[in-house]
Amino acid sequence: AEASLAGGGDTSALSLTVATHVGTELALWHLMHDAEPNQAFEVLAEVADRSRQGGGEGAKYVRGMRALMLACTGRLREAFAATEQSDGVLGVDTDGAGALGSTIRALILTQRGESAAAVEEVTAIRVLHGVGLTSHTELTQLVSFAWVLALVANSDIELAHEDLADMEER
């Protein structure tokens with residue numbers, strides 16, 4: 001199904017976006033259900049090749065998914081390196097394609113003890129992508145988790161407590 005979504009020479013933004021999302025979800029499925037993660041990274045590499053043909057937003061999204069998958073397999077150094085380019089935090093990121101990679105980067109910064117940098121990264125994500133009380137997506141929940149974790153690591157317990165209370169109200 002994934003190949004048919006991207007095939008046929010159709011390079012419109014919509015079909016490429018659908019193919020990118022379906023392809024990355026397929027790669028993530030392989031990562032969670034296969035004994036060997038290489039299959040997942042092979043699928044993701046194919047999606048990355050196709051997404052480069054369609055522009056920056058798809059490539060940012062795939063980079064973020066690669067960072068997530070690398071982090072899930074314990075390859076934090078590689079995950080961090082996959083996010084070193086600013087994936088939309090400082091630039092234009094209209095679809096939030098870079099938010100996943102930036103969130104993974106913030107979590108790794110927190111784990112490394114660079115909590116001030118993590119707070120700065122997550123703050124930018126929250127501002128650019130409207131993460132707030134009305135957001136309910138999985139990505140928004142991950143951004144919120146990274147935000148609270150970075151606040152706690154940065155010893156801003158009061159603000160972290162307030163945000164946790166806000167999240168419980170949702």
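Let's start at Ser-155, which is exposed, with a relative accessible area of 61%. Exposed means over 50% relative accessible area, buried means under 20%, and partly exposed is in between, using a 1.4 Å probe and protein chains only. Ser-155 sits in the loop between H8 and helix H9 (157-169). Its phi is positive, about 65°, although Ser-155 is not a glycine.

A word on the model. This is a predicted model, where local features need pLDDT of at least 70, side-chain atom pairs count only at pLDDT 80 or more, and totals for chains, interfaces and linings use all residues. Residues are numbered from 1 along each chain as its sequence is written, and side-chain values use heavy atoms, with hydrogens and water left out.

Helices here are DSSP runs (H or I, at least four residues), numbered from the N terminus.

Now, a helix pair. How do H6 and H8 pack? Helix H6 (residues 99-111) and helix H8 (residues 138-153) meet at an angle of about 25°, and their axes are 9 Å apart. Axes are lines fitted to C-alpha atoms over the stretch in contact, and angles run from 0 to 180 degrees between N-to-C directions. That makes H6 roughly parallel to H8. The cut-offs: under 35 degrees is roughly parallel, over 145 roughly antiparallel, 65 to 115 roughly perpendicular, and the rest oblique.

Who makes the contact, meaning heavy atoms within 4.5 Å? From H6, residues including Leu-100, Thr-103 and Ile-104 take part. From H8, they include Leu-142, Phe-145 and Ala-150. By class, this contact has 12 nonpolar, 2 polar and no charged residues. Ala, Val, Leu, Ile, Met, Phe, Trp, Tyr, Cys and Pro count as nonpolar; Asp, Glu, Lys and Arg as charged; the others, Gly among them, as polar.

Look at Thr-103, in helix H6. Is Thr-103 buried or exposed? Thr-103 is buried, with a relative accessible area of 0%. Leaving out residues up to four places away in sequence, Thr-103 touches Ile-125, Leu-139, Leu-142, Val-143 and Ala-146.

Next, Ser-115, in helix H7. Ser-115 is buried too, at 9% relative accessible area. Beyond its neighbours within four places in sequence, Ser-115 contacts Leu-109, Ala-150, Ala-153 and Asn-154.

Last, the core. A nonpolar core is a set of buried Ala, Val, Leu, Ile, Met, Phe, Trp, Tyr and Cys residues joined through side-chain atoms within 4.5 Å. Which members of the largest one touch the most others? Of its 38 residues, they are Met-65, Met-69 and Ile-104. Met-69 touches Ala-27, Leu-28, Leu-31, Ala-40, Phe-41 and Leu-44, not counting residues up to four places away in sequence.

Methods
Helix = DSSP H or I, 4+ residues; strand = E, 2+ residues; numbered from the N terminus. Contact = heavy atoms within 4.5 Å.
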